[in-house]
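Here are my notes on this one, written as numbered points. Have the structure open next to you as you read.

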Amino acid sequence: MANKKSYWLMKSEPHECSIDDALAASNATVPWTGVRNYQARNFMWRQMRVGDGVLFYHSSCPEPGVAGIAEVASTPYPDPTQFDRHSKYFDASARPEEPRWWMVDVKALAKTRLIGIGELRAAAALTDMTILRRGNRLSITPVTADQWRHITTRLARSG
């Protein structure tokens with residue numbers, strides 16, 4: 001039996017990597033480096049599979065929201081920034097033979113109209129979406145198949 005496709009919301013600060021940056025990258029693919037939260041790391045390391053759907057979410061900006069559609073493009077591998085002393089993501093306790101932080105590559109598929117946080121909150125079908133929970137600060141969160149369908153259908157209708 002084949003593994004069922006999963007869906008994710010992955011936050012990126014547009015000044016570090018926007019949907020436009022991802023689309024302009026070689027093969028429209030970017031390494032998802034710098035995740036330093038164990039739960040978010042575990043999503044990438046243990047649960048993400050090539051082909052999983054990604055809502056590319058712009059955060060820490062004037063208008064946060066879903067800005068594009070992407071997919072997981074690689075199996076997990078050690079995040080090289082953990083070993084780079086010049087990186088803001090350097091982790092002195094990480095060792096190449098025992099990496100602490102993992103990452104995947106993400107392939108941008110399309111830039112969409114922005115579905116802002118207010119619009120997400122206003123949709124009754126999305127009330128249980130992790131990103132909308134009070135106090136949620138995770139940079140990667142699971143999205144249910146129903147939530148994925150609701151958002152991508154909304155984008156298709158407005159497209």
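1. Arg113, Glu119 and Arg154 are joined in a network of salt bridges (a salt bridge is a side-chain nitrogen of Lys or Arg within 4 Å of a carboxyl oxygen of Asp or Glu). Within it, the side chains of Glu119 and Arg154 meet at 3.1 Å, N to O. That pair links distant parts of the chain, 35 residues apart: Glu119 sits in helix α3 (residues 117-122) and Arg154 in helix α4 (residues 145-158). Helices (H or I, at least four residues) and strands (E, at least two) are DSSP runs, numbered from the N terminus.

2. A word on the model: it's predicted, so local features need pLDDT of at least 70 and side-chain atom pairs count only at pLDDT 80 or more, while totals for chains, interfaces and linings use all residues. Residues are numbered from 1 along each chain as its sequence is written, and side-chain values use heavy atoms, with hydrogens and water left out.

3. The structure holds 7 salt bridges. One of them pairs Glu16 with Lys88 at 2.7 Å, N to O. Glu16 is in the loop between β1 (7-12) and α1 (19-24) and Lys88 in the loop between β5 and β6, so the pair ties together parts 72 residues apart in sequence.

4. Is Asp91 buried or exposed? It's buried, with a relative accessible area of 12% (buried means under 20%, exposed over 50%, partly exposed in between; 1.4 Å probe, protein chains only). Its salt-bridge partner is Arg100, with the closest N and O atoms 3.4 Å apart. Arg100 is partly exposed at 30%.
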